[in-house]
Amino acid sequence: MINKYIITGFFVIWLSWADNTFAQKIDRKLVVNRHNVQVKSVDTLSSLTIGNGKFAFTVDVTGLQSFPEYYAKGVPLGTQSEWGWHLFPNSDELKFSETLKPYNFNGHPNSLYSVQINEPARNRKAVNYFRENPARLQLGNVGFEILKKDGSVAKPQDIQAINQELNVWTGQITSNFSVEGSAVKVITYADAEKDIIAVKIESELLKSKRLKIRFRFPYPTNQFTDVGTNYTNNSSHQTVLSQPDELSALFSRKLDNDQYYVTAKWKDDATISKTGDHDFNLLPNANGSFEISMSFSPEKTINPNSTFNEIEKSSVSGWEKFWLSGAAIDLKGSTDNRADELERRIILSQYLTRVQCAGNFPPQETGLTYNSWFGKPHMEMYWWHAAHMLSGGEQICWKRE
C-alpha cells in the first residue's frame with residue numbers, strides 16, 4: 001500500500017512544477033480584496049489589528065483605541081511589541097530551582113521538571129512567580145476623546161453611522177462615523193518594519209476643538225489575562241512627558257526596572273496637556289484635517305517618527321510584497337457552496353499570521369493583541385504560526401475550477 005505522505009509529496013511537487021496549461025495566473029489583489037473586512041456597528045468582537053509581525057496595534061470603530069474598557073471582554077484594544085516585557089521584582093529572592101521536581105523519565109529517575117507545586121508554600125510561590133514573570137507588556141492606549149455639544153465626552157453608544165473597512169491588501173483601516181451628526185474620517189496605518197502607527201483625521205470637530213487624542217498608560221496586572229485596562233496602581237509606575245519641539249511629545253515610561261518610550265509627532269499646531277498621572281490629551285489646532293504618528297521603542301530616540309505619507313507607503317509596499325510571495329489559491333470558480341467561506345478564512349488567516357506571528361520569537365496564542373498564559377508562547381502551536389513564513393519563498397499558485 002502506498003504511503004499517504006508519499007502521495008501528498010507527489011501532489012505538492014506537481015503543484016510546484018505544473019505547466020501553465022494546468023494553472024492560470026491568479027489576480028492576487030482581486031482575490032485578497034474580496035475579503036476586506038467591514039464593520040458597521042460597535043462590536044467588541046470585531047476589533048481590527050494592524051502591524052508587521054513584531055508589533056501590533058488593535059483599534060475599535062473609531063480607528064484608534066478610544067474605548068478600551070468597553071472592549072475589554074471582547075477582543076481587547078492592545079498595543080504590544082516582541083521586545084515589550086515586564087518583570088515584577090523578586091522581593092522574596094525566589095529561585096527557579098525551587099520550581100523543580102524529580103521524575104522517572106525513560107529510566108532516568110532524577111529528571112527535573114518545573115511543575116505546579118502546592119506545598120511547601122515557598123515552592124508554590126516560586127512556581128507562581130516564574131510562571132507569571134516576565135509577562136508581555138501593554139505599551140499604551142491611543143484613542144480619541146470626543147466632546148458632544150453639551151461638553152460631555154462621547155461614549156460608544158454616541159458613535160453613529162459607522163462604516164469601517166480594513167483593506168487587507170494594503171493594511172489600511174478607514175473608519176467613518178459621526179457624533180451628533182458631525183462626520184469623522186480616520187485612516188490608520190502601521191509601518192511595515194518599525195513599531196510606528198500613523199493616523200490621518202478629517203472632521204469639522206477639529207475646527208470646534210471637540211476632538212482630542214488621548215494617551216493612557218496602564219499598569220500590568222500579572223494575571224493570566226491582561227487586557228491593558230488597569231488604570232490603577234498609579235504610584236507603581238512613572239510616565240514623564242517632555243517636548244523635544246513644538247510638534248512632538250516624548251513619554252518616558254518606567255515600571256520597576258523596565259523602561260520604554262513613546263514618541264508622538266504631528267504635522268500642524270497642537271497643545272498637549274497632562275490630565276492624570278498617566279493620562280494625557282493632545283488638542284489639535286487644525287482646520288479640518290490632522291496627521292499624527294506614534295512610535296514605541298525600548299530606547300530613547302530623537303524624532304524617530306516618519307510622516308503619515310511615509311508610513312502609508314511602507315505599509316502598502318510591505319503588504320504587497322507579502323501577498324505576492326508564497327502560495328495563492330483562487331476558489332471563485334468552484335461550484336461548492338463552501339468555497340467563498342474557505343477562501344475568506346485562508347486570506348484572513350494569512351493576514352493575521354503576518355500581523356501577529358512574523359517576528360523573531362514565537363507569539364503567544366493571542367498574538368500581539370493581549371496577554372493569555374501570562375504572555376508566554378505555546379511551543380506546540382508554533383509550527384502553525386510559522387508554516388507560512390518558512391514556505392514563503394515557494395511559489396505555488398493555482399486556480400480551482
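## Aspartate 279 and its sheet

Aspartate 279 is placed in strand 19, residues 279-284. Helices (H or I, at least four residues) and strands (E, at least two) are DSSP runs numbered from the N terminus. The model is predicted: local features need pLDDT of at least 70, side-chain atom pairs count only at pLDDT 80 or more, and totals for chains, interfaces and linings use all residues. Residues are numbered from 1 along each chain as its sequence is written, and side-chain values use heavy atoms, with hydrogens and water left out.

Aspartate 279 counts as buried because its relative accessibility is 14%; buried means under 20% relative accessible area, exposed over 50%, and partly exposed in between (1.4 Å probe, protein chains only). Its side chain is joined to that of arginine 214 by a polar contact of 2.5 Å. A polar contact is a pair of N or O atoms within 3.5 Å; within protein, one must be able to donate a hydrogen and the other to accept it, and residues adjacent in sequence count only if both atoms are side-chain atoms. Apart from neighbours within four places in sequence, aspartate 279 is in contact with Arg214, Phe215, Arg216, Ser273 and Lys274, where contact means heavy atoms within 4.5 Å.

An open sheet of four strands runs in the order 9-14-19-18 with antiparallel pairing. Its edge strands, strand 9 (141-146) and strand 18 (270-276), each pair on one side only. Neighbouring strands of this sheet are turned by 25 degrees against each other on average, direction ignored; axes are lines fitted to C-alpha atoms, for helices over the stretch in contact, and angles run from 0 to 180 degrees between N-to-C directions. Strands 9 and 14 (residues 211-216) run antiparallel and are joined by six bridges; two strands pair if DSSP finds at least two bridges between them. Valine 142 has phenylalanine 215 of strand 14 as its bridge partner.

## Two buried loop residues

Glutamine 65 belongs to the loop between strand 3 (55-59) and strand 4 (79-81). With a relative accessible area of 2%, glutamine 65 is buried. Its side chain reaches the backbone oxygen of glycine 78 at 3.1 Å. Leaving aside neighbours within four places in sequence, the contacts of glutamine 65 include Phe57, Leu77, Gly78, Asn141 and Val142. The C-alpha atoms of glutamine 65 and proline 76 are separated by 9.3 Å, and the two residues are 11 apart along the chain.

Glycine 84 sits in the loop between strand 4 and strand 5 (85-86). Glycine 84 is also buried, at 2% relative accessible area. Not counting residues up to four places away in sequence, glycine 84 touches Ala135, Arg136, Leu137 and Leu139. Its C-alpha atom is separated by 7.7 Å from that of glutamine 138, 54 residues along the chain.

## Backbone geometry in loops

Two cis peptide bonds and two positive phi values are listed here.

| Residue or bond | Feature | Value |
|---|---|---|
| Glutamate 119 to proline 120 | cis peptide bond | omega about 0 degrees |
| Asparagine 133 to proline 134 | cis peptide bond | omega near -10 degrees |
| Asparagine 106 | positive phi | near 55 degrees |

Proline 120 lies in the loop between strand 7 (108-114) and helix 3 (121-132), and proline 134 in the loop between helix 3 and strand 8 (135-136). Asparagine 106 is in the loop between strand 6 (100-105) and strand 7 and counts as exposed at 66% relative accessibility. Glutamate 180, in the loop between strand 11 (172-179) and strand 12 (182-190), counts as partly exposed at 35%.

Helix 5 (residues 339-357) has 19 residues and reaches 26 Å from its first C-alpha to its last, close to the 27 Å expected at 1.5 Å a residue. The expected span is 1.5 Å times one less than the number of residues. Among the buried residues of helix 5 are Ala339, Ile347, Tyr351 and Cys357.

The structure holds 19 aromatic pairs. One of them, phenylalanine 105 with tyrosine 113, is edge-to-face, at 6.2 Å centre to centre and 75 degrees between the planes. Rings of Phe, Tyr and Trp (its six-membered ring) pair if their centres lie within 6.5 Å; planes under 30 degrees apart count as stacked, over 60 as edge-to-face and the rest as tilted. Phenylalanine 105 is partly exposed at 46%, and tyrosine 113 is partly exposed at 35%. Phe215, Phe217, Phe251 and Phe280 form one aromatic cluster.

## The whole chain

The protein has six helices and 22 strands. Of its 401 residues, 48% are buried. Among contacts between residues at least 6 apart in sequence, 66% join residues at least 24 apart.
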